[in-house]
Amino acid sequence: MTTTSTATVFGIQEVRRARYAIAAVFTVHGAVTGSFATRVPWIQDHAGVSAGQLGLALAFPAIGASVAMPLAGAVSHRFGARTALRGLLSLWTLALILPALAPNLLTLCAALFVYGAAAGVSDVAMNALGVEVENRLDKSIMSGLHGMWSVGALLGSAAGTVAAHAGADARLHHVMASVVLTLLGLIACQWVFDLRSEPDEEPPPRFALPPRSALIIGAVGFCAVFAEGASLDWSAVYLRDTLDSSAGLAAVATTAFALTMAVARIAGDRVVDRFGAVRTVRAGGVLATVGGVLVVTAPHAALAMCGFGLMGLGIAVVVPLAFAAAGRSGPKPAQAIAGVATITYTSGLIAPSAIGSLAEATSLVVSFGLVSVLAFGLVLGAGVLRAGDRKPGSRGAAVRDAAAESGA
């Protein structure tokens, strides 16, 4: 075995620590979302809003995220990546407290706007650092990082479910969760990369249109997130209303879809490393399209559930790979990632309402026919993610090879 220099070993250890640290950051970020989602009924009752008013309020996180995301690059440039992530992640974990405090619709909308803005800027910052770790390792980790986000969301929702069943006040629950998650996030941020801009580097604009490369890559992410949002929000309704399934069986479809995505993301990095981003997304697009066709043609619930499972499996790694490709698509990765994130958040915002509007005008079968068409868009558009494929001899190859020799 070739002897590795002390400097190289230190570099491997630093990259390894950074990988675990950013995985912990993704988990904390997801746990905030899971903690919030389980207490939405309590928040609705406390604010005294109707179902329609709640639907309006729940659009504000995506609006806040879309508005704030372009700021992430400027914050990272000014304070450095580690300090920026530490502050932005803390802002996100502390923002969890706000919605439960809102006494009416107006304050709830304002709280959710801030909540979404904090989610968006911290999301961009952590994805940019995740791409940097992936570059240095020269192997795919972004899918696994997003899988850890899903794990965090499941953990947060599990804790929230326990609190809800115990009848705990969501204000107390969210204060306690916020304190714990803030501390965990601050600890994790100690070991992420402390990237800093060159002294003569021009700072990015506070607000800027996404670069053209981000728009093209974001279009692929848009298709995947639209299918995700449609399936998460409408799969149970589809089984109940279209296939006359019981409420319990319909709920299982949604849970199965979410678990399929989480498992596929955690396992997806090995597939990406073996086959590359383009072929992985193209194959995923085929699976998602077949799944969509199964859903719209299914004569009974079991086949439709298989279809939703295939869709979850097919689209699981698309968004992580879109972020990775954006981070390598030009000289300003944070700006490109912010652009892709804005597009995907927008897709998540419009998907549920678009599916509902089309279903009202036609049927849910037609709505999921549209989802199938967008899923096929992954097959056609996968080539734009070529920037996410690493080539032998890239700057991370030496770290990877040294890691293999040292047993890392």
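**Helix packing and buried positions in a predicted model**

Apart from residues up to four places away in sequence, Ser372 touches Thr289, Gly292 and Val293, a contact being heavy atoms within 4.5 Å. Ser372 belongs to helix α17, where helices are DSSP runs (H or I, at least four residues), strands are runs of E of at least two, and both are numbered from the N terminus. With a relative accessibility of 8%, Ser372 counts as buried; the term means under 20% relative accessible area, against over 50% for exposed and partly exposed in between (1.4 Å probe, protein chains only). The C-alpha atoms of Ser372 and Val293 are 6.4 Å apart, although the two residues are separated by 79 residues in sequence.

The model is predicted, with local features needing pLDDT of at least 70, side-chain atom pairs counting only at pLDDT 80 or more, and totals for chains, interfaces and linings using all residues. Residues are numbered from 1 along each chain as its sequence is written, and side-chain values use heavy atoms, with hydrogens and water left out.

The chain contains 18 helices and zero strands. Of its 408 residues, 49% are buried. Contacts between residues at least 6 apart in sequence join residues at least 24 apart in 85% of cases. The accessible surface is about 17,500 Å², and carbon and sulfur atoms account for 67% of this area (Shrake-Rupley method, 1.4 Å probe; for residues, only the protein chains shown count as cover).

Two packed helices are described by the angle between their axes and the distance between the axes. Helix α11 (residues 212–242) and helix α17 (residues 364–381) cross at roughly 155 degrees, and their axes come within 9 Å. Axes are lines fitted to C-alpha atoms, for helices over the stretch in contact, with angles from 0 to 180 degrees between N-to-C directions. The pair α11 and α17 is therefore roughly antiparallel (over 145 degrees; under 35 is roughly parallel, 65 to 115 roughly perpendicular and the rest oblique). The crossing of α11 and α17 is left-handed, meaning that the near helix is turned anticlockwise from the far one by less than a right angle, whereas clockwise is right-handed. Residues of α11 in this contact include Val220, Cys223, Phe226, Ala230 and Trp234, and those of α17 include Leu364, Phe368, Leu374 and Gly381. The contact of α11 with α17 comprises 16 nonpolar, three polar and no charged residues (nonpolar: Ala, Val, Leu, Ile, Met, Phe, Trp, Tyr, Cys and Pro; charged: Asp, Glu, Lys and Arg; polar: the others, Gly among them).

Phe226 and Ala230 are also in contact with Ala351, neighbours of Ala351 within four places in sequence being left aside. Ala351 is found in helix α16 (residues 333–361) and is buried, at a relative accessible area of 0%. From Ala351 to Phe226 the C-alpha distance is 5.2 Å, for a sequence separation of 125 residues.

Helix α8 (residues 105–137) and helix α9 (residues 142–165) pack with axes 10 Å apart and at an angle of about 140 degrees, so α8 and α9 are oblique to each other. Their crossing is right-handed. Met126, Asn127, Gly130, Val131 and Glu134 of α8 meet Met142, Leu145, His146 and Trp149 of α9. By class, five nonpolar, three polar and one charged residues form the contact of α8 with α9.

Helix α15 (residues 318–327) is mostly covered, with ten of its ten residues buried. In the loop between α11 and α12 (247–275) lies Ser245, which is buried at a relative accessible area of 11%. Beyond residues up to four places away in sequence, Ser245 touches Leu239, Arg240 and Ala301.
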